[in-house]
Amino acid sequence: MASYDVIVIGAGPGGYVAAIRCAQLGLKTACVEGRDTLGGTCLNVGCIPSKALLHASHMLHEAEHNFAKMGLKGKSPSVDWPGMLAYKDDVIGQNTKGVEFLFKKNKIDWLKGWGSIPEAGKVKVGDEVHEAKNIIIASGSEAASLPGVEVDEKIVVTSTGALELPKVPKKLVVIGAGVIGLELGSVYARLGSEVTVIEYLDAVTPGMDAEVQKTVQRMLKKQGMSFIMGAAVQKTEATKTKAKVHYKLRKDDSEHVLDADVVLVATGRKPYTDGLGLEALGVEMSQRGQIKTDDHWQTNVKGIYAIGDAIDGPMLAHKAEDEGMAAAEVIAGKAGHVNYGVIPGVIYTHPEVATVGKTEDQLKEEGRAYKVGKFSFMGNGRAKAVFAGDGFVKLLADKDTDRILGCHIIGPGAGDLIHEVCVAMEFGASAEDLAMTCHAHPTYSEAVREAALACGDGAIHS
Ligand code: NAI
């Protein structure tokens with residue numbers, strides 16, 4: 001039995017970052033992880049592997065559609081699927097080993113196995129019970145189940161199975177037009193699958209700016225993806241090689257069936273807290289199975305904290321990381337801070353979609369007076385040079401004070417561009433502040449500045 005200042009349960013982005021920050025702040029720290037490698041869902045079966053496949057399939061798309069336009073001739077590359085999976089696995093390995101290195105560097109003990117909390121101040125891993133003055137639960141989330149749909153991770157898969165299919169399916173049906181559905185759906189569409197997305201709502205990417213929703217759907221349709229909107233999937237029937245997906249259209253209750261070689265279920269995730277022993281401890285949970293915490297990420301049981309997907313808020317790796325750092329700081333007697341109003345969201349389709357702050361619909365609901373500065377990438381020289389003129393930056397600012405309230409981007413490098421707006425919002429900047437900042441030419445960032453100019457006297461290139 002060992003004794004620690006902090007034991008973190010879970011080594012995903014929330015947990016491993018919390019552990020590193022605890023160690024940096026001088027706390028004796030251990031992290032419990034039952035997987036064979038560190039990094040949690042994000043590094044092993046989520047963000048990182050999907051980005052490898054998105055990159056590889058995008059390169060193929062460029063070769064097939066844009067090389068000839070640039071005067072590049074020759075045989076187009078073809079898909080070596082095992083080779084692509086090996087590349088993805090190599091990327092995973094580099095990242096998970098990186099976290100292991102950081103643990104060693106920061107003298108964090110990796111307690112291998114699945115942890116539980118037999119009582120406050122104690123963490124059990126295997127047969128061993130360790131003492132911990134503080135415990136941070138960072139146990140993450142798992143794919144939510146859908147009634148009538150039985151996942152076998154072969155024919156009917158979650159994102160985990162979709163990252164290691166034995167071959168590229170001829171027909172892929174995706175249930176849910178959220179982040180996972182669009183990212184992985186676009187990977188397979190680019191690799192040659194016939195992809196149909198079935199979505200319950202009338203718009204893709206729930207919660208995003210309505211103009212962005214329409215534009216991303218239009219662009220993905222152009223790339224060959226099909227959408228059945230306003231349709232509730234009722235059940236799937238799978239054999240060893242195929243599946244049938246039954247759905248009902250909401251507008252007229254008519255019932256339909258689609259054939260698929262593979263079905264990807266991407267209808268959301270739920271907190272994963274199984275086996276931690278929270279009920280016996282009396283840790284308060286929400287109706288949705290999330291661990292309840294106070295403003296300092298502490299549960300109702302003193303000394304037990306929780307962060308990331310296991311608690312309320314967007315299920316995003318970077319939100320978990322911020323909470324992990326903040327909880328560590330609170331435990332070390334410092335302030336700990338997360339600005340929930342400035343958490344960006346990115347969808348890594350091509351083009352990328354990025355968003356931060358309020359949407360126009362939210363501002364309307366709040367009855368707030370706002371102005372819109374919009375700029376199309378068609379007016380951005382750099383974007384046009386790389387066939388990425390489709391898309392826009394939309395900046396929302398307070399009508400009276402000019403303070404930036406939100407930004408929604410669809411276009412090249414959107415996931416990186418959004419951060420200058422995040423920084424501006426952190427500093428309470430106005431659209432004019434962004435507009436007065438010199439932006440290098442030719443860069444995609446100029447489109448952000450032009451959107452800011454459009455909030456004032458007008459953009460130059462539109
Ligand atoms: P999601 O919540 O983003 O989207 C689920 C979609 O499924 C919704 O549009 C919903 O209306 C639809 N749906 C639900 N039941 C349905 C039914 N019976 N029939 C048809 N459609 C139905 O969930 P998703 O994509 O599974 O992602 C899970 C979590 O992982 C999200 O919180 C997401 O933010 C996170 N994530 C983030 C990524 C990123 O930041 N790039 C990448 C991947 C996941």
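UniProt, in an unreviewed entry, lists residues 4–324 as "domain: FAD/NAD(P)-binding". Keep in mind as you look around that this is a predicted model.

Now step back to the whole protein chain. Its secondary structure comes to 14 helices and 22 strands. The radius of gyration is 23 Å, close to the 23 Å that the globule rule gives for 462 residues, so the chain is as compact as a globular protein of that length. Along the principal axes, the C-alpha atoms fill a box of roughly 65 × 60 × 50 Å. Of the 462 residues, 52% count as buried.

Next, the ligand. It is surrounded by 23 residues, and the closest are Ile180, Glu183, Glu199, Gly268 and Val346. By type, the residues of this shell divide into 16 nonpolar, 4 polar and 3 charged.

| Residue | Backbone atom | Ligand atom | Distance |
|---|---|---|---|
| Tyrosine 200 | polar backbone atom | nitrogen | 3.1 Å |
| Valine 233 | polar backbone atom | nitrogen | 3.1 Å |
| Alanine 266 | backbone N or O | oxygen | 3.4 Å |

On its own, the ligand has 860 Å² of accessible area, and the protein covers 80% of that. To see which elements give two or more residues to the shell around the ligand, look for helix 6 (179–190) and strand 12 (231–238).

Notes
Residues numbered from 1 in each chain as written. Predicted model: local features only at pLDDT ≥ 70, side-chain atom pairs only at ≥ 80, totals over all residues. Heavy atoms only, no water. Near = heavy atom within 4 Å. Polar contact = N/O pair within 3.5 Å; in protein donor to acceptor, adjacent residues only side chain to side chain. Areas by Shrake-Rupley, 256 points an atom, 1.4 Å probe, with all protein chains shown as cover. Helix = DSSP H or I, 4+ residues; strand = E, 2+ residues; numbered from the N terminus. Nonpolar A, V, L, I, M, F, W, Y, C, P; charged D, E, K, R; others polar. UniProt positions renumbered as here; feature names shortened; annotations may be inferred. Rg over C-alpha atoms; globule rule 2.2 N^0.38 Å. Buried < 20%, exposed > 50% of the residue type's maximum accessible area, 1.4 Å probe, protein only.
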